[in-house]
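I opened this entry to keep track of what I looked up in the model. My notes follow in the order I took them.

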Amino acid sequence: MENQEQIIFQIILHGGNGRSLAMEAIAAAKQGDFSEAREKLQECADALNEAHHIQTSHIQAEIGGERTEVSLLMVHAQDHLMNAMTMKDLATEFVDLYEKIK
């Protein structure tokens, strides 16, 4: 279970970092700093890609026969990641919109 918890916390960590970076991208765009906003979006994408890679590896292990217990913590990690991915998409739209307006 310890390895399972480490995997879960890595998904939460990278998902949370991605969400924070998406919000930072919006804030930078709001201030008119589009270079910074795009940089934050790229950092966000990198963090979410790392979380997605961990998630995919975990799913592939289960497909390969390694059974995993679905815990509330795992559900939380998945929810956290999906919300962060949505936030990235919205942040990209906000940055584009702010750039178009200015």
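I took the expected span of a helix as 1.5 Å times one less than its number of residues. Helices are DSSP runs (H or I, at least four residues), strands are E runs of at least two, and both are numbered from the N terminus. The model is predicted, so local features need pLDDT of at least 70 and side-chain atom pairs pLDDT 80 or more, while totals for chains, interfaces and linings use all residues. Residues are numbered from 1 along each chain as its sequence is written, and side-chain values use heavy atoms, with hydrogens and water left out.

**Overall fold.** I counted 3 helices and 0 strands. Along the sequence the pattern reads α-α-α. The C-alpha atoms fill a box of roughly 55 × 20 × 15 Å along the principal axes. I then looked at contacts (heavy atoms within 4.5 Å). Of those with a separation of 6 or more, 84% join residues 24 or more positions apart.

**Helix 2.** Helix 2 covers residues 34–63, and its 30 residues should span 44 Å. Its end C-alpha atoms lie 42 Å apart, which agrees. Next I listed its buried residues, where buried means under 20% relative accessible area, exposed over 50%, and partly exposed in between (1.4 Å probe, protein chains only). Among them are Phe34, Ala37, Leu41, Ala45 and Leu48. Lys40, Gln55 and His58 are on the buried list too. After helix 2 comes Gly65, with a positive phi near 110°.

**Core.** A nonpolar core is a set of buried Ala, Val, Leu, Ile, Met, Phe, Trp, Tyr and Cys residues joined through side-chain atoms within 4.5 Å. Which members of the largest core touch the most others? Ile11 and Val95 do, out of 24 residues. Helix 1 (2–30), helix 2 and helix 3 each supply at least two residues of this core. Helix 1 gives the most, with 10. Leaving aside neighbours within four places in sequence, I found Val95 in contact with Ala25, Ile26, Ala29, Phe34, Ala37, Arg38 and Leu41.

Is Val70 buried or exposed? Val70 is exposed, with a relative accessible area of 66%. I placed Val70 in the loop between helix 2 and helix 3 (72–101).
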